[in-house]
Amino acid sequence: MTEDSETARQIAELALDTRPLLVLDVDDVVLEFLPPFMRFLNAQNLELKLESFRLHGNVRHLGSGEAVEAEQVTQLITDFFEAQADWQQPAAGAAEAVAAMAEHAEIVMLTAMPHRHRDIRRRHLDALGFN
């Protein structure tokens, strides 16, 4: 396994706190992912067919039902992450629950989103009250 230096740096920051550690997934736990992503696709005359547990191969053109090429799906995901503040909202009750838990635990937000989107994600989470 190759070590990712940015991930290693972020893990090293965890040693700064003595409270218990709580790891929360961002997408579809703290922030809604699937419904906003589906709306994002619909705005581009595309749809997500949940025929398997993956995005590639399941994004289809609305008119023809034809699968979108893998490279275009990758670009759509990138575009969605870059515009996440326009689409993603907190899951119901998430902000209040996280704020209450933060009094007693160090909270880490986990995401599969590439590191290059970290600053956008951080600003969006901060704006929603997930400091």
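**Contacts along the chain of the predicted model.** Of the contacts (heavy atoms within 4.5 Å) between residues at least 6 apart in sequence, 62% join residues at least 24 apart. The model is predicted, so local features need pLDDT of at least 70 and side-chain atom pairs count only at pLDDT 80 or more, while totals for chains, interfaces and linings use all residues. Residues are numbered from 1 along each chain as its sequence is written, and side-chain values use heavy atoms, with hydrogens and water left out.

**Helices and strands.** The protein holds 6 helices and 4 strands, taken as DSSP runs numbered from the N terminus (helices H or I, at least four residues; strands E, at least two). Their order from the N terminus is α-β-α-β-β-α-α-α-β-α. The C-alpha trace spans about 55 × 35 × 25 Å along its principal axes.

**Surface and burial.** The accessible surface is about 8,300 Å² (Shrake-Rupley method, 1.4 Å probe; for residues, only the protein chains shown count as cover), and carbon and sulfur atoms account for 56% of that surface. Of the 131 residues, 27% are buried, meaning under 20% relative accessible area, with exposed over 50% and partly exposed in between (1.4 Å probe, protein chains only).

Leu21, Val23 and Leu110 form a nonpolar surface patch with about 270 Å² of accessible area together. Patch members have over 30% relative accessible area and no salt bridge; nonpolar side chains (Val, Leu, Ile, Met, Phe, Trp, Tyr) are joined within 5 Å, like charges within 9 Å. A salt bridge is a side-chain nitrogen of Lys or Arg within 4 Å of a carboxyl oxygen of Asp or Glu. Leu21 lies in strand S1, residues 21-25, and counts as partly exposed because its relative accessibility is 45%.
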